[in-house]
Amino acid sequence: MYPIDLSDKYGIVFGIANHRSIAWAIAEILHNAGAKLAIAYQNERVRDSVARLVEDWEGETPLIECDVSDDFNVAAAFDRVGDTFGFLDIMVHSIAFANREDLGGPFVDTDRDGFRLALDISAYSLLPIARYGAPLMQQNGGSILTLTFQAANRVFPGYNIMGTAKAALENEVKQLASDLGQQNIRVNAISAGPLDTLSSRVISHYRDMKRIHAERSPMRRNITTEEVAKAALFLCSDLSGGVTGEILHVDAGYNIMGI
């Protein structure tokens with residue numbers, strides 16, 4: 001058990017695909033801290049994998065199918081959360097997607113459909129989650145957390161359209177923080193260093209990205225999913241009650257280096 005107690009908190013986590021997902025590491029640490037969670041999964045293809053991850057958790061863990069490209073699906077997911085929990089304190093958005101062919105080669109070759117898809121799933125999806133989830137937070141306020149990457153501000157060859165999507169996502173964090181602040185709803189992002197996930201495997205030059213990060217970061221190493229999860233635990237807890245609109249770097253300090 002971690003020293004942060006979330007036993008009176010209710011949350012929902014979007015973006016778990018398997019045991020390597022950052023979303024899973026965050027869900028697990030929130031659960032271990034006592035939070036009651038609902039898990040939103042993309043479709044039936046990943047449902048069994050997600051169900052196996054939470055099968056040993058005590059108590060009810062609602063598994064809710066949610067296609068974030070469809071606002072009706074998002075609204076229906078939060079209707080079910082409302083019926084089950086009554087209210088929410090925590091929402092975690094850890095969702096990103098782009099066509100494989102758009103994660104390599106010249107960025108200039110990104111076609112219109114690929115651009116729209118990446119921005120829709122990776123960035124826009126935070127808006128309906130906030131829109132339909134915020135009313136469930138009106139009792140006590142709450143924390144909305146998303147995941148970003150330093151490519152929002154710098155060029156990482158091969159990351160391509162996802163860098164554009166992360167730039168949009170980070171701007172959304174600030175605008176949503178402004179929109180929802182008077183409701184005591186905080187909106188923040190963690191900018192994590194390279195991590196081995198299902199998504200990272202399809203990024204060209206990912207191995208170079210990870211190697212250079214370890215060579216040049218002040219701590220001379222890569223980060224772990226547990227370190228990201230611990231930062232998420234802080235941002236989802238009352239310890240971060242005065243923090244909103246922030247991009248918290250968990251990258252062994254790589255972001256401060258000029259070379």
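**Exercise 1.** What is the relative accessible area of Arg 221, and is the residue buried or exposed, or in between?

*Solution.* The model is a predicted one. Arg 221 has a relative accessible area of 30%.

**Exercise 2.** Determine which parts of the chain the salt bridge of Lys 9 links, and classify both partners.

*Solution.* Lys 9 pairs with Asp 238, and their closest N and O atoms lie 3.3 Å apart. Lys 9 belongs to the segment before strand S1 (10–14), whereas Asp 238 sits in the loop between helix H8 (225–236) and strand S7 (247–250). The two residues are 229 residues apart. Lys 9 is buried at 13% relative accessibility, while Asp 238 is exposed at 57%.

**Exercise 3.** Identify the helices that the salt bridge between Asp 71 and Arg 131 ties together.

*Solution.* The N to O distance of this salt bridge is 3.6 Å. Asp 71 is in helix H3 (residues 71–85) and Arg 131 in helix H5 (residues 126–133), so the bridge connects parts 60 residues apart in sequence. Asp 71 is partly exposed, at 28%, and Arg 131 is partly exposed too, at 38%.

**Exercise 4.** Describe the setting of Asn 171.

*Solution.* Asn 171 lies in helix H6 (residues 161–180). Its side chain makes a polar contact of 2.7 Å with the side chain of Gln 175. With a relative accessible area of 41%, Asn 171 is partly exposed.

Notes. Residues numbered from 1 in each chain as written. Predicted model: local features only at pLDDT ≥ 70, side-chain atom pairs only at ≥ 80, totals over all residues. Heavy atoms only, no water. Helix = DSSP H or I, 4+ residues; strand = E, 2+ residues; numbered from the N terminus. Buried < 20%, exposed > 50% of the residue type's maximum accessible area, 1.4 Å probe, protein only. Polar contact = N/O pair within 3.5 Å; in protein donor to acceptor, adjacent residues only side chain to side chain. Salt bridge = Lys/Arg side-chain N within 4 Å of Asp/Glu carboxyl O.
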